[in-house]
Amino acid sequence: MLEITEYNFDEEITQCKAKVFLVFSSARCSFCRDLKQLTAVLQRVLTDVKFCFADVDKERGLAARFGINRLPVSIVFENGKEEARREGAMTKAEVFDVLKIKPETVRR
C-alpha cells in the first residue's frame, strides 16, 4: 500500500482522478493495523480504488492539516476532493459503504 507524505500528497491524492481511500494511522494503534490489513486485501479486489496510508507519527503536519485527533481516520477522495470521512475501526462492509460500492458488483 502506498505511503502518503506531505511531499507526495498533491501528486498521489490531489491530482489523482481515481477514487482514493486514505487511512491516517500509527504503528502503535491496533485498530489501525487491522484496517491496514483489511485495505491491503481489498486493494487486490477493488482495482479502481487507490488505497493509501499516512503515518501520523511521521507526518504530523499532514495529520494537522486534516484535523486528525483520533485514530484510525479514513478519508475518501474523488477527483482530489474529500468526499467522505470515518473515524475508528471499520469492517469490510463499512469500507464498501464509505466508498459507495455495492459488494455484489465486485468481481472476486
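1. Ser74 counts as buried because its relative accessibility is 1%, where buried means under 20% relative accessible area with a 1.4 Å probe and protein chains only. The model is a predicted one, in which local features need pLDDT of at least 70 and side-chain atom pairs count only at pLDDT 80 or more, while totals for chains, interfaces and linings use all residues. Residues are numbered from 1 along each chain as its sequence is written, and side-chain values use heavy atoms, with hydrogens and water left out.

2. Ser74 belongs to strand β4, residues 73-78, strands being DSSP runs of E with at least two residues, numbered from the N terminus. Leaving aside residues up to four places away in sequence, Ser74 touches Phe21, Leu22, Val23, Leu35, Ala84, Arg85, Arg86 and Met90, a contact being heavy atoms within 4.5 Å.

3. The open sheet has 5 strands in the order β1-β3-β2-β4-β5, with mixed pairing; two strands pair if DSSP finds at least two bridges between them. β1 (2-3) and β5 (81-87) stand at the edges with a single partner strand each, so one side of each lacks a neighbour in the sheet. β4 pairs with β5 in the antiparallel sense over 6 bridges, and Val73 has Glu87 in β5 as its bridge partner.

4. The largest nonpolar core has 18 residues, and Phe21, Leu46, Val95 and Leu99 have the most contacts inside it; such a core is a set of buried Ala, Val, Leu, Ile, Met, Phe, Trp, Tyr and Cys residues joined through side-chain atoms within 4.5 Å. A second, separate core of 17 residues includes Phe9, Val20, Phe24 and Cys52.

How values were computed: Helix = DSSP H or I, 4+ residues; strand = E, 2+ residues; numbered from the N terminus. Buried < 20%, exposed > 50% of the residue type's maximum accessible area, 1.4 Å probe, protein only.
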